[in-house]
Amino acid sequence: MDRFAYRDGELFAEDVPVSAIAAEAGTPCFVYSRATLEEHYDRLAEAFAPIAPLICYSVKSCGNLGVLRVLAERGAGMDVVSGGELFRAQTAGVPAAKCVYAGVGKTDAEIRDAIRAGLGLFNCESEQEFENIARLAAEMRETVRVALRINPDVDPKTHRYTSTGKKETKFGVDLERARRFFATYGRDPHARLEGLHLHIGSPIYTVDPYREAMTKTAALVEELARDGFEIRSIDLGGGFGADYESSQSPPLKEYAAAIVPLAKPLHDKGVRFILEPGRTIVANAGILVVKVLYTKTSGDKRFAICDAGMNALLRPSHYGSFHFIWPVAPGAAMTPARRTLDPKIDGTVAQDVVGPLCETGDFLALDRQLPASLGRGELLAVFTAGAYGMSMASRYNSSPLPAEVLVSGSRAEVVRHRESYDALIEHEREPKMLSLRSPAPVATRGQVPTLEKTR
Ligand code: LLP
């Protein structure tokens, strides 16, 4: 369960009215609940306690420094996939030694920086990448720890864009190649190959793919032991679900019940476990607040046109994902008893909730039952938007990125300001090749109609 709830017809984030947050931070804005983040982290740690994993929160799901700091205070390490994410983790106070670094395309500069920072573990995705890490570590006269990302060829039964554990994806090394990988690189003096890493997809709503992946991993550990290679750490990746429909707590105990019995014997032999959860911690800990600018009807279709759409939350348009949406202050009569696919409240009509961008694909929801009275200036809350919301937001149509607010009890703090127009262009430079005194040279040829001439 999360800490966003209606009281007397008005939505609260913990103890703060969401309308007050929107008035202060402006819209669109993401609002995160500290208590929800902490509760999800603690429940995960508790469910997996028998194998005492290092929980490396997946920065890509939501990298706001405030969110990272909340989790760092809980003792979390971080899963990063770029130099930028490692920089965020370190800035939030997480030592590089508690970070694991995956990703199929690490650059030399990123690898060097990570080595210099004292990275905990490289999760290596290919033979060439291993050779490169080993070469750079040798050049720097350092020794680094490496886990091989294996691809166990398991179908996670999720969206094909986020299915990563099948053989035909770009991630990791398949099981047949894994033994050869150790035989070739397992004795490198600078890149010590001592772990296995897997991440099979996201989100995964059934436990069987984990069971299958863990079974294959345990078998590989035995084979490698026979070949003379000892595995010291296993990183099981992320992918645990979040409830997008009704915001119930994720079934962390069920995942643990499937994984722990297979992992415990290895844990008892000294293998260190790592988890890389993102969504299951932060999805329900965040909402996106948007404002209805206009409503309109085209043919039979009714639209609520908001001040943000796919630029702030890409998931509905990119993956066809469902996010529950409801007004922030609907009044007691229009408050749903709970979030569900169909809240069954009288006085609703189907409407498309769309953004301001110039694309038909710019929507947050299609044909969604929302109050017929929904009108200009009303705020809408898009629930379960904490994961892969802000981290996938874009400036398309020169839209400034949304604000982010962290709530704790009755305190709300803006932890990222909504961008200014200056920020939109701050990295752009006036081309020196063009004379500043003739800003539109083509127009001087008289062939380009100006607005004035066409009037
Ligand atoms: N570890 C690795 C190596 C990953 O690639 C990912 C996610 C995670 C951990 C965290 O997965 P999580 O626990 O958050 O499911 N943009 C998509 C999700 C892409 C996931 C990419 N990798 C979405 O909005 O659904």
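1. A polar contact is here a pair of N or O atoms within 3.5 Å. In this predicted model, the side chain of Asp 79 has an N or O atom 3.3 Å from a nitrogen atom of the ligand, so the pair falls inside that cut-off.

2. Two further ligand distances can be read with the same cut-off. An N or O atom in the side chain of Ser 202 is 2.5 Å from an oxygen atom of the ligand. For Tyr 388, a polar side-chain atom and an oxygen atom of the ligand are 2.6 Å apart.

3. Which residues come nearest to the ligand? There are 18 residues around the ligand, and Ser 202, Glu 276, Arg 315, Tyr 319 and Tyr 388 come nearest.

4. Domain 1 consists of two segments, 4-9 + 284-428, and domain 2 covers 34-281. Their C-alpha centres are 32 Å apart.

5. The interface between the domains involves 24 residues of domain 1 in contact with 22 residues of domain 2. Together the two domains bury about 2100 Å², and carbon and sulfur atoms account for 54% of this area. On the domain 1 side, Asn 284, Tyr 319 and Tyr 388 supply 28% of the area buried against domain 2, more than any other three residues. Tyr 319 and Tyr 388 are also among the residues that come nearest to the ligand.

6. What is the count of salt bridges between domain 1 and domain 2? The count is zero. Polar contacts do occur across this interface, with five residue pairs counted at pLDDT 80 or more for both partners.

7. On the side of domain 1 that touches domain 2, the elements giving two or more residues are helix 11 (315-319), strand 20 (403-408) and strand 21 (411-416). Strand 20 gives the most, with four residues. By class, the residues of this side are ten nonpolar, nine polar and five charged.

8. Although none of them links domain 1 to domain 2, the model has 28 salt bridges by the rule used. As background, side chains of opposite charge can pair when their charged atoms come close.

How values were computed:
Residues numbered from 1 in each chain as written. Predicted model: local features only at pLDDT ≥ 70, side-chain atom pairs only at ≥ 80, totals over all residues. Heavy atoms only, no water. Domains from an automatic or database assignment. Contact = heavy atoms within 4.5 Å. Buried area = accessible area lost by both parts, 1.4 Å probe. Salt bridge = Lys/Arg side-chain N within 4 Å of Asp/Glu carboxyl O. Polar contact = N/O pair within 3.5 Å; in protein donor to acceptor, adjacent residues only side chain to side chain. Nonpolar A, V, L, I, M, F, W, Y, C, P; charged D, E, K, R; others polar. Near = heavy atom within 4 Å.
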